[in-house]
Amino acid sequence: MTARQIIIDTDPGQDDAVAILLALACPETLHVLGLTCVAGNVPLAQTTRNARMICELAGCPDLPVFAGCDRPLGRDLVTAEHVHGRSGLDGPDLPDPQIPVQDRNAIDFIIDTLRERPPGTVTLVPIGPLTNIATAFAKAPDIVARVQEIVLMGGAHAAHGNVTPAAEFNIHVDPEAAARVLASGVPLTMLPLDVTHKALVTPARNAAFRGIGSRVGRAVAALTGFFERYHPERHGADGAPLHDPCTICWLLRPDLFKARKVNVEIETQSELTMGMTVVDWWGVTGRPANATFVHDINAQAFFDLLTERLARL
């Protein structure tokens, strides 16, 4: 079977790093064409630096990294250093990256790749704010119909918000971009907090990463260990949610999840609920479904798969 071609749009972030590593550990299934970076967890200069560090950690120095949008559409950037640390990758001690950022802008890379490849053969995997994707769609509307699928981490329904009472971080940072992407008509799968809050890095799961014994295993243990130190006192959970790798696992093993086709709209007007994903769970609006909304996961099978694949790097 031919590997699925994907572009990972990212704002690394510890959980972004693990998602990228998982994708790069599965070349027989996923062909990562490039990493397009966006401002989100930390500013753009730091997200591009972090993406390059991850490529080198994975032993993939030839994977191209592109810088994209440094701010949301029409609003100030909100970042999350209080969660991810000043670097965005606090935890492991990774060397400064040597590979360059590509001269071409991330937006142009997305556009050119979708135009050059046969229609329906490239999947976009945004695991940060959706600014790059919305900007590419606005700049080149012809590419929208060429996208195979969008598989994104973002949003929440019953899980509520993690940055405001109503909004999940990725959508909150750029709700206008999210609204445009949800309205684009591209087949779309959403991995929201409803599912990612069930994928918890417990102490035993963190120990399994370290037990891999490799540089990657130790780095992932340090990344998720840092994350874990922040979240238990906030969430009262047994561990930290590992959000972004759920997108990659969905591409690898959708049978590990439960999902429902629903209509999702993004609130862009109310300051009280700005960035809320309004999920029509019971179909009461009559609006057509525009998203596959993932809401449950076999968490232990997910972590078993993640640990086994990371051991390949």
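Student: In this predicted model, is helix α2 largely enclosed or open to solvent, and why?

Tutor: Count its buried residues. A residue is buried under 20% relative accessible area. In α2, 10 of the 14 residues are buried, so the rest of the structure largely encloses this helix. Among them are Leu44, Asn50, Arg52 and Ile54.

Student: How do I read a pair of aromatic rings?

Tutor: Use the distance of the centres and the angle of the planes. There are 5 aromatic pairs here. For Phe209 and Phe303 the centres are 6.3 Å apart and the planes at 45°, so this pair is tilted. Phe209 sits in helix α9 and Phe303 in helix α12, so the pair ties together parts 94 residues apart in sequence. Both Phe209 and Phe303 are buried. Together with Phe302 they form one aromatic cluster.

Student: How are the rings of Trp250 and Phe257 arranged?

Tutor: Their centres are 5.7 Å apart and their planes at 65°, so the pair is edge-to-face. Trp250 is buried at 15% relative accessible area, and Phe257 at 9%.

Student: Which residues touch the most other members of the largest nonpolar core?

Tutor: Of its 60 residues, Ile6, Ile8, Leu35, Ile248, Phe257 and Leu306 do. Helix α1 gives the most to this core, 8 residues. Beyond its neighbours within four places in sequence, Leu306 contacts Val18, Leu22, Phe209 and Leu242.

Terms used. Residues are numbered from 1 along each chain as its sequence is written. This is a predicted model: local features need pLDDT of at least 70, side-chain atom pairs count only at pLDDT 80 or more; totals for chains, interfaces and linings use all residues. Side-chain values use heavy atoms; hydrogens and water are left out. A nonpolar core is a set of buried Ala, Val, Leu, Ile, Met, Phe, Trp, Tyr and Cys residues joined through side-chain atoms within 4.5 Å. Buried means under 20% relative accessible area, exposed over 50%, partly exposed in between (1.4 Å probe, protein chains only). Helices (H or I, at least four residues) and strands (E, at least two) are DSSP runs, numbered from the N terminus. Contact means heavy atoms within 4.5 Å. Rings of Phe, Tyr and Trp (its six-membered ring) pair if their centres lie within 6.5 Å; planes under 30 degrees apart count as stacked, over 60 as edge-to-face and the rest as tilted.
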